[in-house]
Amino acid sequence: MSPTRILLAAAAVACAAFAAIPILVAQERPMQLDDTKVPKGRPAPRMANGKPDFSGYWKGTTQTRPGGNIGKDLPGWKLPLTPAGEAALKHNLTATVDPEAVCIIGGIPRHNASGLPFEVLQGNNKITFMYWYSYFRLVPFTPGLKHSDDPDPSFFGEEIGRWEGDTLVIDSIGFKDEKVWIDENANPHSDALHVVERWTRPDYNHINVETLIEDPKFYTRSFTYARTWALGEPDEQIQEYSCSENNVDAAHLGFGPGPIRPDGTRGYVDPAPLPPPVPKK
Amino acid sequence: MPSRLVLLALLLASAAGRVAAHHSFAAEFDASKAIRVTGTLAKVEWTNPHTYFYVDVTDEKGTVVRWACESGAPGALSRRGFKRSLLKLGDTLIVDGYRAKNGANLMDARRVTLPDGQVLSGASAGDGGPQ
């Protein structure tokens with residue numbers, strides 16, 4: 001028997017044994033959807049003014065790999081860091097805990113790289129993105145808006161929307177430069193960050209974003225991050241989440257995200273197995 | 001070795017389903033330190049960002065040590081059928097998981113076995129931890 005067959009057989013035995021254990025997971029809805037199973041072709045809904053309506057509860061797809069990595073679309077997920085960017089990454093890895101773990105807003109573009117669902121409600125002059133952890137952003141797209149000369153630094157930045165045909169463009173400047181990770185892997189951004197998001201709804205069940213990221217302090221050139229989300233069920237919505245209610249874990253967190261796997265995601269490659277399941281009575 | 005290969009295969013197979021959580025499993029827990037704790041349920045905190053339940057473990061000398069068992073957020077647990085009402089103070093629980101990197105009596109409760117044999121998944125969704 002070939003090594004592959006041995007592996008498959010062993011996996012089958014392991015899965016069969018595991019299936020015999022009544023772990024209660026069947027009722028949990030997936031937080032990501034397999035996009036090959038999401039219907040396409042139904043037209044996107046539109047507002048009374050004819051613009052696409054992005055409203056809905058949106059879930060990432062399992063085709064987005066690696067999740068949580070802003071370098072997803074770059075060869076080898078290698079970000080073009082400047083020396084200052086390299087130093088900032090080292091600082092994040094060795095001297096900071098994940099800001100989201102201590103209830104600090106993830107901001108943009110981190111939320112666009114997150115695997116967590118989010119919800120959108122759209123009005124005629126403003127669009128709201130609501131995220132897990134009870135964070136939200138309100139983006140105005142009234143015609144004629146311009147950036148401030150000296151915007152107050154914030155986690156989402158000063159965001160200004162505009163329509164280009166059926167594409168909603170969100171241009172953001174004025175970001176914070178401390179207690180921010182640009183993605184789950186602790187990559188950095190500076191206060192020179194400029195983000196341009198181009199949102200489209202190609203059909204009823206999907207929205208896309210193409211994100212341009214410019215940060216001349218920490219990155220030698222601009223780069224892009226593209227992503228698709230699929231529509232959740234009609235009864236799904238963002239739930240209450242009070243991040244600082246009982247944040248026991250904050251005192252136990254190490255610096256940085258921990259090891260990054262060869263596939264570009266955070267976590268251990270080869271964890272020790274749990275003790276064998278308790279025999280059924 | 002085969003068991004390690006199987007675990008690796010299952011880990012890779014589940015990689016696509018991984019999503020982002022409140023923080024990385026690897027920032028808090030040591031995946032090389034899998035442990036089993038058996039004790040009496042003394043306290044439950046059904047809270048965000050994580051639920052915690054505490055079990056008192058009595059050693060051979062009669063000394064009681066309290067272990068904090070960290071699980072997913074209440075909403076995530078509830079949606080998978082892990083309800084607050086299933087945890088009854090005084091019950092003996094068997095908790096399998098991974099120990100905190102800093103050596104505290106804190107563990108990630110990946111698998112919880114109730115007195116009636118029900119097995120619950122306490123894992124935080126999408127934390128990059130062992131699936």
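This is a predicted model: local features need pLDDT of at least 70, side-chain atom pairs count only at pLDDT 80 or more; totals for chains, interfaces and linings use all residues.

Reply: Chain A has an average pLDDT of 91, and 90% of its residues score at least 70. The stretch to treat with care is residues 1–26 of chain A, where the pLDDT is below 50. Beyond near neighbours in sequence, that stretch has 25 contacts in the model.

Let's take α2(A) as our part. This helix has 13 residues, and from its first C-alpha to its last it reaches 18 Å, close to the 18 Å expected at 1.5 Å a residue. Which residues of α2(A) are buried? They are A:Gly85, A:Ala88, A:Leu89 and A:Asn92. These residues lie on the same side of α2(A), because they cover an arc of only 100 degrees around the axis. On the face turned away from that buried side, you will find the exposed residues A:Pro83, A:Thr94 and A:Ala95.

In soluble globular proteins, nonpolar side chains tend to be buried together.

Now look at the loops on either side of the helix. The loop between β2 (56–61) and α2 of chain A holds A:Trp77. Phi of A:Trp77 is near 55 degrees, a positive value in a residue other than glycine. Is A:Trp77 buried or partly exposed? A:Trp77 counts as partly exposed because it has 18 C-beta neighbours inside 10 Å, while a buried residue needs 20 or more. In the loop between α2 (83–95) and α3 (110–113) sits A:Pro109. The peptide bond that joins A:Ile108 to A:Pro109 is cis, with omega near 10 degrees.

A:Tyr133, in the loop between β4 (126–131) and β5 (135–140) of chain A, has a positive phi near 75 degrees. A:Tyr133 counts as buried, because 21 C-beta neighbours lie inside 10 Å. In chain B, the peptide bond from B:Asn48 to B:Pro49 is cis, with omega near 0 degrees. B:Pro49 is in the loop between β1 (29–45) and β2 (51–58) of chain B.

Another spot in chain A is A:Gln122, which is in strand β3 (residues 118–122). A:Gln122 counts as buried because it has 20 C-beta neighbours inside 10 Å. A:Gln122 and A:Pro52 are 70 residues apart in sequence, yet their C-alpha atoms are 9.6 Å apart in space. Not counting residues up to four places away in sequence, A:Gln122 touches A:Met47, A:Asp53, A:Phe54, A:Ser55 and A:Ile127.

To finish, here is chain B as a whole. Chain B has 3 helices and 6 strands, which follow the pattern α-α-β-β-β-α-β-β-β along the sequence. Of its 131 residues, 47% count as buried. Among chain B contacts between residues at least 6 apart in sequence, 57% join residues at least 24 apart.

Methods: Residues are numbered from 1 along each chain as its sequence is written. Chains are lettered from A and ligands numbered from 1 in the order in which they are written. pLDDT is the predictor's confidence in each residue, from 0 to 100. Two residues are in contact if their C-beta atoms, placed from the backbone, lie within 7 Å. Helices (H or I, at least four residues) and strands (E, at least two) are DSSP runs, numbered from the N terminus. A residue is buried if 20 or more other C-beta atoms lie within 10 Å of its own, exposed if 12 or fewer, and partly exposed in between; C-beta atoms are placed from the backbone. The expected span of a helix is 1.5 Å times one less than its number of residues. The arc is that of the directions from the helix axis to the C-beta atoms.
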